[in-house]
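I opened the notebook to record what I looked up in this structure. The entries follow the order in which I checked things.

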Amino acid sequence: MGFITLIVRNATNRPTRTALTAIGLAVAIAAVIILVGISWNFERSFEAIYRSKRIDLIAVHAGSTNQLSSSLDARLVDRVRQIDGVSDASPTLVDTVAFEDQNLASVLVNGWVPESLLFRGIRILDGRSLRPGDDHNVLLGRVLALNLDRKVGDRLDVAGEPFTVVGTFESESLFENGALILPLTTLQKMMGREGQATGLVITAKSPAPESLEPLRKRIEAALPGVAVTPARDYVLADTQIRLAKAMAWATASIAMVLGAVGMLNTMLMSIFERTREIGLLRAVGWRRRRVLALILGESLAIALAGSVLGGMLAAAGMRALTLSPTSQGFIDPRIPPEVLGLGLIMGIGLSMLGGLYPAARAAALDPTEALRHE
Amino acid sequence: MNENPAGPRGLESETVAAPEANRAATAILEGRGLVKHYDDGDVEALRGVSLAIGEGEFVAITGPSGCGKTTLLQLLGGLDRPTGGEVLFRGHPLAAIDLDAYHARQVGFVFQSFHLLPTLTSVENVQVPMFEGPWPRRGRAPRAVSLLAEVGLPHRNAHRPGQLSVGERQRVAIARALANDPTLLLADEPTGNLDSKSQDEILRLLADLRHRRGLTLVIVTHSPEVAAAADRRIAMKDGQIT
């Protein structure tokens, strides 16, 4: 009989209790993977927008915490283009609309200038892209087209106005795949924001960090009241992303602590019930460290079972979220390997922490007293 | 069968002169002025007990309940520490040696209530002490099978304690006590839970094992039959040898 056999035998001696502990741990691990995974994908999807379009800098109204709350004069783009070091720039107007018939509560709508740099990274799947002169024509992201069940040539009402779907597209970013693109001027009129943009996107002649910083300063100096941020920093500083990450970590941490407490409780009960057994092990010469290893091994066995189950629950949970009307199109069901690894390591680590005190207590038992235990 | 070297393994060597008579000069186990006080209940379980047990001797410790005989056995086996006095194994104080190694390699314990692990089969129970023994992993199970055969239980290898009679359980416990080829077999009321037939069988088995293996056997017992089978009887009363 090997040591691992003994560990597994002990861990499965109380199958119901072990299963419940593993399930509790699995839920905690799944919560970590899902929540952190969503915020991780959220951030990466946001980054992908700027990376695919080779956008180096973003200009918004100074003091705005995110692009949706920013408002700039779209004509500022002409001044930006004149600044030395700027390769290209374009205004963008972002808002959200609802498609209640399809249970889509909050769909991103982008107002872009046709043929501007914002169309980089957009691959037309069917139909065509927007052209200058388009008015009530719309491009639908791949996921949104599926969710709305619309194809090229179909009519689509956006915020009460009729549009014709002229193309569907795919982007590296899940946000864009779940969004629609209208001509900038059309969206400005619809939203009552004529001449306005939520921000300007800028491509530098040299994207090297050492040349971006002076360029950033030059643009800010030329446009008072405008804050210019490198795209990567902009993503990281975005309030919604930070909030999503903070919420994910806070909730995940609570779930993990509960999982660890569950393990602590299970192992404490286990060693209490097995006090005489542990006394016997000490009496036959088992060293304290072997008793410690036995109890920690049992914690690890339960943690591993919980981790496997947690990984499967997380995958199922992510899939389920993509079907929810409120998150449809926003959730990338793929679990980043880093997040999966993090969830498993956290789950196993905290379980071991939960098993440490019972294990130390078991190892410290006096054999005579333990053998007398009723 | 016994692989013990001349001195205790893992021992800080310190020569202690034997103070007692001839038996003490060749004693494998010696207690000197043993006192055990339990704070809980303010009990004086042992009041200056001195004894010497010779190598290969069969000693029965007898006396009424509460006289301190189990406490004495626990002190001799290193399961508990005396409040006063000392226990010597082959002349070396237990306080100075590695007690885990002493338990694992020198002492085999047999308890009245067997203390078998309920989730393990007979063969697995016998292997439990072998984790601290010199046996390779693959050699443990065949060794356990052989030990079970030696104690007269060759057909219950895959049975768990709950599937065995009390006599069979005690045989498994005895096989477990032999797992690492100990020098000493310390048994606390080994026949206390058995009917008279099983008691006779277990007593015969212990005596037989002692002869075959050259074991030193110390038994705490209430049973006159067991005491009569011993080479020497140590009677106790009120924490003292009478």
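I began with Arg287(A), which counts as partly exposed because its relative accessibility is 22%. The cut-offs for the term are under 20% relative accessible area for buried, over 50% for exposed and partly exposed in between, with a 1.4 Å probe and protein chains only.

Conventions. I note that this is a predicted model, in which local features need pLDDT of at least 70 and side-chain atom pairs count only at pLDDT 80 or more, while totals for chains, interfaces and linings use all residues. Residues are numbered from 1 along each chain as its sequence is written, chains are lettered from A and ligands numbered from 1 in the order in which they are written, and side-chain values use heavy atoms, with hydrogens and water left out.

Arg287(A) and its partners. I looked up its salt bridges (a side-chain nitrogen of Lys or Arg within 4 Å of a carboxyl oxygen of Asp or Glu). Arg287(A) pairs with Asp98(B), with the closest N and O atoms 2.7 Å apart. Arg287(A) also meets Asp100(B) in a salt bridge, at 3.8 Å from N to O. Asp100(B) lies in helix H3 (residues 99-106) of chain B and Arg287(A) in the loop between helix H10 (275-283) and H11 of chain A, so this pair joins two chains. Helices (H or I, at least four residues) and strands (E, at least two) are DSSP runs, numbered from the N terminus. Asp100(B) is buried, with a relative accessible area of 14%.

Interface. How many salt bridges does the rule find across the interface of chain A and chain B? I noted 5. In contact (heavy atoms within 4.5 Å) are 24 residues of chain A and 27 residues of chain B. The two chains bury about 2,400 Å² between them, and carbon and sulfur atoms give 55% of that. Buried area here is the accessible area (1.4 Å probe) that two parts lose on being put together, summed over both. Met1(A), Arg9(A) and Arg287(A) supply 28% of what chain A buries against chain B, more than any other three residues.

Other salt bridges. Glu43(A) and Arg232(A) form one of them, at 3.9 Å from N to O. Glu43(A) is in helix H2 and Arg232(A) in helix H8 (residues 231-237), both of chain A, so the pair ties together parts 189 residues apart in sequence. Glu43(A) counts as buried at 12% relative accessibility, while Arg232(A) is partly exposed at 43%. In chain B I found a network of salt bridges linking Arg143(B), Glu150(B), Asp181(B), Asp208(B), Arg212(B) and Arg213(B).

Nonpolar cores. I took a core as a set of buried Ala, Val, Leu, Ile, Met, Phe, Trp, Tyr and Cys residues joined through side-chain atoms within 4.5 Å. The largest has 74 residues, and Trp286(A) and Tyr102(B) are among those that touch the most other members. H2(A) gives the most to this core, 10 residues. Apart from it lies another core, of 36 residues, including Leu116(B) and Leu205(B). Not counting residues up to four places away in sequence, Tyr102(B) touches Leu29(B), Phe89(B) and Leu184(B), among others.

Chain B overall. I recorded 8 helices and 10 strands. Of its 242 residues, 59% count as buried.
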